[in-house]
Amino acid sequence: MKYKVKLTKIFGLVFLVFAAGMLMSCTKNETQTLNSAKKIRYIGYVTYYPIFIADKQGFFKEEFGDSVEFEFNHRMNGGAAAMEAMAGGEIDFAALGDMPIVQARANGLDVRVISSLFTSTTGYGLVAAKNSGIHSIQDLRGKKVAVMGASVQNKLLLKYLEKENIPADSVDILYMKSRDQLAAFVANSLDAAVTAVPYTQNIIEKTGAYQVLDATGYDTIHTYIAANGKFLDENPDFATKFLRAIKKANKWIDSHYNEAMESAATEEENKVEYEDLYYKTREFTFNLSEETLDSLQDTINYLYNQGTISEKLDARSFAETRFIKAAE
């Protein structure tokens, strides 16, 4: 059974602009000197802790020295927006889920996966409103269910429905950013949402909602580190240094765990216990193993079968393992 994914088409115009810029750059006569970029721009949430800590603790500076400037945007407005920014030439590296990466690649952006960031099953799930009467996936028929568009949560919702043989059009799916879902629960305009820790806890604590189930048995959520292909070609050593700094940060978190959680909580104006729960419901690993690449291919196959992308991509054609290997 196929379900059509209703995802916002944000890429079209952006990619036309990006392609025009690429064409103009190719007409220049001068040759780009390798590894000569003076600024590195990267995007990801504070809760993508190793990247946040690498920036906060100066591990990027350790790797690159003082000749490179760093610009970290940790107010990412979803993976699709990150890919839009990359298409516009505004960022070089991004940490995000696999769905927006695949969609961007299918739409012509030269985005490449250079490492995994984390995997999770217990950090994502279905939350139901207090008086919704929802106790299983079967109860979602005719209900208003919120999910962030073009996201791993979006895929998880579809996995829920497909496995339980529920037609997607029997559910009123509302595309809503995670930060906006709480307000919708408060206003009693939602029956449920597929969301992630710590948004789950905020919704439960402030509205009396409850978690129905997580992703276990339905999907394993993977988040990746992706890079602008043009930037990689021009600065190949930078990707290795970037990943090495992140791996340093991951080790630092192990030995300074409380400090890391407190720092993230302060930055996000969040509870330390929520940061702790987020971290502990994810396994931060840095690799591009066969299992990780198979998971990326599964997302490609899924989106292709849904008709969301028109070409069945090969995950291994845009996953570059050399950088994570060099960073070991």
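Helices (H or I, at least four residues) and strands (E, at least two) are DSSP runs, numbered from the N terminus. This is a predicted model, in which local features need pLDDT of at least 70 and side-chain atom pairs count only at pLDDT 80 or more, while totals for chains, interfaces and linings use all residues. Residues are numbered from 1 along each chain as its sequence is written, and side-chain values use heavy atoms, with hydrogens and water left out.

**Stop 1: Tyr224**

Select Tyr224, which is found in strand S10 (residues 221-228). Tyr224 has 0% relative accessibility and counts as buried; buried means under 20% relative accessible area, exposed over 50%, and partly exposed in between, with a 1.4 Å probe and protein chains only. Which residues does Tyr224 touch, not counting residues up to four places away in sequence? Taking contact as heavy atoms within 4.5 Å, the list includes Ala94, Ala95, Leu96, Asp98, Ile101, Thr292, Ser295 and Leu296. The side chain of Tyr224 also reaches the backbone oxygen of Thr292 at 3.1 Å. Show Phe118 as well: Tyr224 and Phe118 are 106 residues apart in sequence, but 7.2 Å apart in space, C-alpha to C-alpha.

**Stop 2: the sheet around S10**

Now colour the open sheet of 6 strands, whose order is S2-S1-S3-S10-S4-S11 and whose pairing is mixed; two strands pair if DSSP finds at least two bridges between them. The edges are strand S2 (69-73) and strand S11 (283-284), each with a single partner strand, so one side of each is left without a neighbour in the sheet. Further in, strand S1 (residues 39-43) and strand S3 (residues 93-97) run parallel and are joined by 2 bridges, with Ile43 having Ala94 in S3 as its bridge partner.

Within helix H13, select Gln297, which at 15% relative accessibility counts as buried; leaving aside its neighbours within four places in sequence, Gln297 is in contact with Leu313, Asp314 and Ala315.

**Stop 3: H2 against H10**

Keep H2 displayed and bring in H10: the axes of the two helices come within 8 Å and cross at roughly 95°. That makes H2 roughly perpendicular to H10, a label that covers 65 to 115 degrees, whereas angles under 35 degrees count as roughly parallel, over 145 as roughly antiparallel and the rest as oblique. The residues making the contact are Tyr49, Pro50, Ile51, Ile53 and Ala54 of H2, and Ala245, Ile246, Ala249, Asn250, Trp252 and Ile253 of H10.

**Stop 4**

A nonpolar core is a set of buried Ala, Val, Leu, Ile, Met, Phe, Trp, Tyr and Cys residues joined through side-chain atoms within 4.5 Å. The largest one here has 99 residues, and those with the most contacts inside it are Ile40, Phe93 and Leu140. Helix H10 (residues 236-255) gives the largest share of this core, 9 residues. Centre on Ile40 to see residues that it touches, among them Phe64, Val68, Phe93, Phe231, Phe238 and Phe242.

Next select helix H5 (residues 98-106), where 7 of the 9 residues are buried, so H5 is largely enclosed by the rest of the structure. Just after H5, Gly108 takes a positive phi of about 105°.

**Stop 5: the other sheet**

Move to the open sheet of 5 strands, in the order S7-S6-S8-S5-S9 and with mixed pairing. Strand S6 (residues 144-147) and strand S8 (residues 192-196) pair in the parallel sense over 2 bridges, and Val145 stands opposite Ala192 in S8. Helix H8 (residues 199-207) packs on this sheet, touching strand S5 (124-128), S8 and S9, with its direction at about 135° to that of S8. In the loop between S8 and H8 lies Pro198, and the peptide bond from Val197 to Pro198 is cis, with omega near 10°.

**Stop 6: Glu269**

Finally, select Glu269, in the loop between helix H11 (257-268) and helix H12 (272-280). Glu269 has a positive phi of about 55° although it is not a glycine, and is exposed, with a relative accessible area of 75%.

Technical notes: Polar contact = N/O pair within 3.5 Å; in protein donor to acceptor, adjacent residues only side chain to side chain. Axes fitted to C-alpha atoms, helices over the stretch in contact; angles between N-to-C directions.
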